[in-house]
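Here is a friendly note to read beside the model. Please keep the viewer open as you go through the points.

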Amino acid sequence: PSPPLSVSVIQQNGSRVLVSWEPPKEANGKLEGYTINYRPQSKNVTPAQNVKVSASETSVIIDKDFKPHEVYEFWVKARNGKHESLSSVMVPLTFDGTSFVEKVTRIEVLNKTAKSVTLRWKPVTNADGYMVVPILPQTYPVLPTIKVQNATVITLDNMVPGTQYVIKVAAYVKNFFGQHETTIVSFGGVPLPALNVELKEKTDQYALLQWDEPKGLDTSKLVYGVYYGTSMDALFEAARINTTARSIKLAGLMPCQSYLVSVGIVGPIGPGPLGRNPLKLETAYNRTLPPKELTVDINETSQEMTIEWQHSCALDLTAYPAYIITVRELTLNKTSVVTVQPSSNKTMVHVFRQIPKGAAYEISVSTDIPNAQAVRMVAYSAPLPAPDQLQVWPERNGTYVVFWKAVKDFKDDGFTYEIIVHEGHGINNSVPPFLTIPAKEPPAFIQPDQLKSIADHGVFTVGVRLKTDQGLYSDIVETESFTKYSAWIMMEPSTATVSSAWKWIVPTVVAIVLVAVLVYFVQRHRRLQSSFSRFANSHYDTRTGATRIGCTLDDDEHEHQEVPRSFSDDEPLVIA
């Protein structure tokens, strides 16, 4: 089932919390009950305590030792025959430390007359006010509660003679009430008589009621109250109609209901007691009324949809109606109509078989009477497996490539895929898609001309779903959104990239060439310098300081070379 709705939490006093909720929107079967969870709010998650109630209840009072000024979290889950729903919205409640209210003490009677009584009690510290509840004996109707503020004294008037009142007084702070104190006050005199009501006439539109004139009272001034309800509690709540006559046409009652009806004196003194045997009034059965307690349960394993309902009239009938079940599949817009024959069974049942996955059904049930009112609900079968791991990327030419993980192990029916395109952000299932592209397997392509009706800079969203041969669809579990650009804009980034690339490629090449030239000249300079050094060393004698021209011999060779003898002055120079 879907989660319960509208969860609210109200602290009633120092230990009681009222948790209420609304039933889930979709039961998807017969609802069995609710689980109410609660725990203190803290950084370290603590185990939750819970209370379970039946499906007919939509509120519960939790009475525990809640700590003042501490925050508690409350949430509710629904249960059907197979599953438990997700958690409802978590509702925090800061437990009010002022919820402890002292008990009222020492109620005393200050004054008492035949028709009134004045009471006083001891004040309660920090109380915002007091609630005074007068209670009459069992055969009398319920009296209203009186609120007292800025006082600890109250006078109760128009007290009924010949009765004993139980009066309860309790202090309250904000919405929290303390324990009450009780006092009993008796009044003498002759009690008001109880009246017996009779049914004189009944039609489909009204019931004529009549009662006897009370004895011993001035009937010219009497006011009668007509009490009715479908239970004893509702009967004694309050008079529904006041009249000075001794008969009334009671109209506007719900059809096919069993009412309890009684009459009592309400003025000028009252209220008087009601008759001990209230009149039982059954209203006419309207066969156009819708059935009650409609439930739908779809079993995934057996592929069956079980529809159950109860008769619109809970009374025993002599002839029960036939019913018409109308089932419409919302995706395919196909309708089936079945007539169920009359039966005295309290719960009516009909089963539909071969329910496929991914179907959504609107079910309505009514009697076979023309213009009969129908009760409706929507039920969903188990979902189809959905493609996931969606990846979409744009190409430079404006094409979008769509890829996803293919569905495996689905044998119930043949299937294909559909690429769904919606304008704007997200998928809006309430409107048809802007573009649908069938595909047997991934990948698929969205061509630029298929998006031409989307304005430039417009946003569109892409998703993928499975489609069976019957025409049913899976959910779209993943989407991607894009902003549309024209083709030349999409190409612009590559042109700009080339232009920007030349801006750094050319300087880089020039720098490399300059570095190469510099390295070349440095190496050449070093080689020349090295050659010169070798040349100089080979033509200079470091021992004699003489420069050798044209001599390439090594030092060792010079050591063995014979040095020419020098000429003396006395020897003749012969020139040939």
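Where is the place of Asn158? Asn158 sits in the loop between β12 and β13 (163-173); strands (E, at least two residues) and helices (H or I, at least four) are DSSP runs, numbered from the N terminus.

1. A word on the source: this is a predicted model, where local features need pLDDT of at least 70, side-chain atom pairs count only at pLDDT 80 or more, and totals for chains, interfaces and linings use all residues. Residues are numbered from 1 along each chain as its sequence is written, and side-chain values use heavy atoms, with hydrogens and water left out.

2. Back to Asn158: its phi is positive, about 55°, although it is not a glycine. Asn158 counts as partly exposed because its relative accessibility is 35% (buried means under 20% relative accessible area, exposed over 50%, partly exposed in between; 1.4 Å probe, protein chains only).

3. Now look at Asn150, in the loop between β11 (146-148) and β12 (153-156). Asn150 is not a glycine, yet has a positive phi of about 60°. Its relative accessibility is 83%, so Asn150 counts as exposed.

4. Most residues other than glycine have a negative phi, and most peptide bonds are trans. The peptide bond from Gly267 to Pro268 is cis, with omega near 0°, and Pro268 is found in the loop between β21 (258-267) and β22 (279-282). Gly270 and Pro271 are also joined by a cis peptide bond, with omega about 10°; Pro271 lies in the loop between β21 and β22.

5. Finally, find Val517 in helix α2 (residues 487-538). Val517 counts as partly exposed because its relative accessibility is 38%.
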